[in-house]
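Please walk me through this model, from the contact between its chains to the packing of its helices.

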There are 2 protein chains.
Amino acid sequence: VAREHIVTESIPEELDLREALQRAIDSKTKPLGSLGRLEALAVQAGIVQRTTRPSIVAPRLAVFAGDHGAADAGVSPYPKEVTRQMVRNFLTGGAAISVLCKRAGLDLVVVDAGVDDDLEPHPRLVDAKIARGTRSYLEAPAMDHEECERALERGAALAGRWADEGCNCIGLGEMGIGNTASASLLTHCLTDAPLESVTGRGGGHDDRGLARKYELLVQAVSRGGRPRDPRRALVEYGGFEIAMLAGAILGAARRRMIILVDGFIVTAAALAARAIEPTALETCVFSHLSDERGHRIQCEALGVAPLLDLGLRLGEGSGAALAFPLVQAAVDILCDMASFESAGVSTAT
Amino acid sequence: VAREHIVTESIPEELDLREALQRAIDSKTKPLGSLGRLEALAVQAGIVQRTTRPSIVAPRLAVFAGDHGAADAGVSPYPKEVTRQMVRNFLTGGAAISVLCKRAGLDLVVVDAGVDDDLEPHPRLVDAKIARGTRSYLEAPAMDHEECERALERGAALAGRWADEGCNCIGLGEMGIGNTASASLLTHCLTDAPLESVTGRGGGHDDRGLARKYELLVQAVSRGGRPRDPRRALVEYGGFEIAMLAGAILGAARRRMIILVDGFIVTAAALAARAIEPTALETCVFSHLSDERGHRIQCEALGVAPLLDLGLRLGEGSGAALAFPLVQAAVDILCDMASFESAGVSTAT
């Protein structure tokens with residue numbers, strides 16, 4: 001079941017709007033239903049914006065960055081310093097997400113949710129640092145409850161600020177050495193999936209690295225358990241960027257922004273957001289199916305079918321940026337195509 | 001097996017180039033292989049353009065339009081006049097492909113390959129008309145050999161002209177009431193697929209319409225046979241737009257243009273082009289898997305895996321236009337991303 005089909009079917013006004021949107025699409029000069037998932041996307045955009053003429057204004061992509069105490073133990077093949085190095089790379093335009101956003105017309109923002117460094121100020125960098133990295137969940141909870149609450153609130157507040165600035169469509173990405181491991185632990189907590197089924201190669205572990213990572217995550221669970229409560233799961237396993245992403249989803253949904261969810265790590269945040277607020281994913285578009293082990297299980301748990309399947313496993317929001325033109329196309333079709341009547345085209349017999 | 005992996009692996013200089021391209025991609029600031037199919041696309045673009053720094057210049061989308069004598073017999077649920085009505089709609093900007101091209105930055109051109117009408121001149125309309133529609137293949141061959149040759153040549157000449165004008169990337173689409181039926185017959189001739197397995201709902205047949213269409217196509221085959229030669233198959237079953245598309249693929253491949261192949265009908269033209277010239281598809285990118293029955297079989301016969309799978313079955317080149325940003329993104333990643341060295345990012349341990 002694609003996400004687009006399960007948006008708030010219970011509210012009568014939305015049923016009327018949904019019908020009006022479908023009628024509008026069906027009047028366009030094309031065989032009925034022939035634009036497939038773009039049509040469902042167009043309906044979703046209309047429902048999200050509560051109009052039959054949705055539009056995308058000042059679209060933005062936000063990369064939330066944070067460090068993980070457990071990174072030093074070997075849950076990632078990359079050293080921890082790569083988080084801050086990549087933040088700089090985002091800001092100077094050399095990263096994949098920089099290049100993809102530029103092409104797609106997405107304004108790139110980087111949010112320091114908890115990078116283990118004092119980052120130099122930059123016009124595209126938002127300082128929302130909770131702390132310089134989480135604690136290692138191998139030894140203690142990754143953060144305390146107050147930090148978790150603060151991360152959720154800051155994420156929501158940032159989304160609200162962006163909405164105030166006129167942005168109505170936000171792509172969400174992340175950067176954080178070790179955060180695939182965090183996302184695996186969160187997914188294990190917030191779905192019924194066994195830990196092994198959601199533990200993957202992340203930045204590129206070989207078989208030995210993957211086996212070592214899995215061992216470490218088993219050790220983490222033997223310490224921290226499997227909390228089913230989203231806040232408690234975030235407290236145990238982090239990271240700050242994931243908690244802030246969950247907050248951003250909650251805040252953006254409240255402001256009726258279209259949210260483009262990226263891959264495995266942002267979907268872990270979406271699992272947490274849904275557990276906090278069951279309607280939080282109504283405005284989400286799931287952009288791509290990641291190659292990272294466990295993403296399919298997350299999507300099944302959420303009942304969503306991502307738009308793209310290109311074997312990506314980079315993160316940063318790259319899948320969200322690549323799916324953005326599809327959302328734009330869906331809106332254009334609804335708003336700019338001629339109807340059979342206006343174009344004087346004969347209908348099917 | 002994705003098309004990108006099977007491009008001319010036999011020529012030594014191309015093997016060197018392929019290696020240089022892969023090295024360039026592997027030096028970028030991202031985990032090895034993490035951009036999945038985009039990486040393979042970037043390599044293909046480099047191989048097509050014979051450079052490690054490919055670029056997309058003056059990209060264009062050409063919709064080839066033609067009428068089909070058999071349309072009157074009921075192979076389509078739409079009346080034949082819709083072909084010329086839709087051509088007008090393309091030119092005035094109201095069709096799906098008009099809207100999608102505008103957004104994607106693709107220059108839209110419409111080629112009259114054989115519309116059954118005297119179309120008014122328009123700056124975006126190319127008059128390459130072979131005749132006012134094909135004959136009905138239920139009664140006679142759709143065209144004669146001379147017409148077929150002319151259509152192939154004009155298609156190739158048009159691609160050459162566009163290359164001369166500086167365009168190095170061409171999306172291919174089509175319009176022609178009845179052309180899904182033609183494409184089914186061609187696919188039956190040019191693959192091992194039984195006719196029924198490649199006969200689908202086209203513009204939207206219900207079960208009864210589909211059964212009727214299949215009956216008509218069986219009747220056509222009982223008259224015209226199952227010629228395995230591409231020219232003879234085109235002569236028997238048309239259409240002019242499909243023959244001209246096959247010519248355009250041949251011509252564009254010769255000029256080393258990147259070709260974005262749309263859905264079922266353009267892929268039928270690709271089958272014909274490959275049968276004429278086995279290396280003709282080396283510069284093709286298969287943009288999307290159509291919902292039209294038979295497209296999957298065509299793709300399997302060609303050994304290609306389309307990029308998108310969005311349930312589209314519109315034609316016009318809509319899938320090609322939607323996949324175009326992915327090609328652009330692939331080229332951008334190769335040309336604009338920083339390397340680990342240039343960005344000062346640490347590599348994996």
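B:Arg103 forms a salt bridge with A:Asp332, the closest N and O atoms lying 2.7 Å apart, where a salt bridge is a side-chain nitrogen of Lys or Arg within 4 Å of a carboxyl oxygen of Asp or Glu. Across the interface of chain B and chain A, 2 salt bridges are found by that rule. This is a predicted model, in which local features need pLDDT of at least 70 and side-chain atom pairs count only at pLDDT 80 or more, while totals for chains, interfaces and linings use all residues. Residues are numbered from 1 along each chain as its sequence is written, chains are lettered from A in the order in which they are written, and side-chain values use heavy atoms, with hydrogens and water left out.

Chain B contributes 54 residues to the contact and chain A 53, contact meaning heavy atoms within 4.5 Å. Together the two chains bury about 4,300 Å², 62% of it on carbon and sulfur atoms (buried area is the accessible area, with a 1.4 Å probe, that two parts lose on being put together, summed over both). B:Arg103, together with B:Tyr78 and B:Leu310, supplies 14% of the area that chain B buries against chain A, more than any other three residues.

Within chain B, helix H5 (residues 145-164) packs against helix H8 (residues 230-237) at an angle of about 110°, their axes being 9 Å apart (helices are DSSP runs of H or I, at least four residues, numbered from the N terminus; axes are lines fitted to C-alpha atoms over the stretch in contact, and angles run from 0 to 180 degrees between N-to-C directions). H5(B) is therefore roughly perpendicular to H8(B), a term for angles of 65 to 115 degrees. The contact is made by B:His145, B:Cys148, B:Glu149 and B:Leu152 of H5(B) and by B:Arg231, B:Arg232, B:Leu234 and B:Val235 of H8(B).

Notes
Helix = DSSP H or I, 4+ residues; strand = E, 2+ residues; numbered from the N terminus. Parallel < 35°, antiparallel > 145°, perpendicular 65-115°, else oblique.
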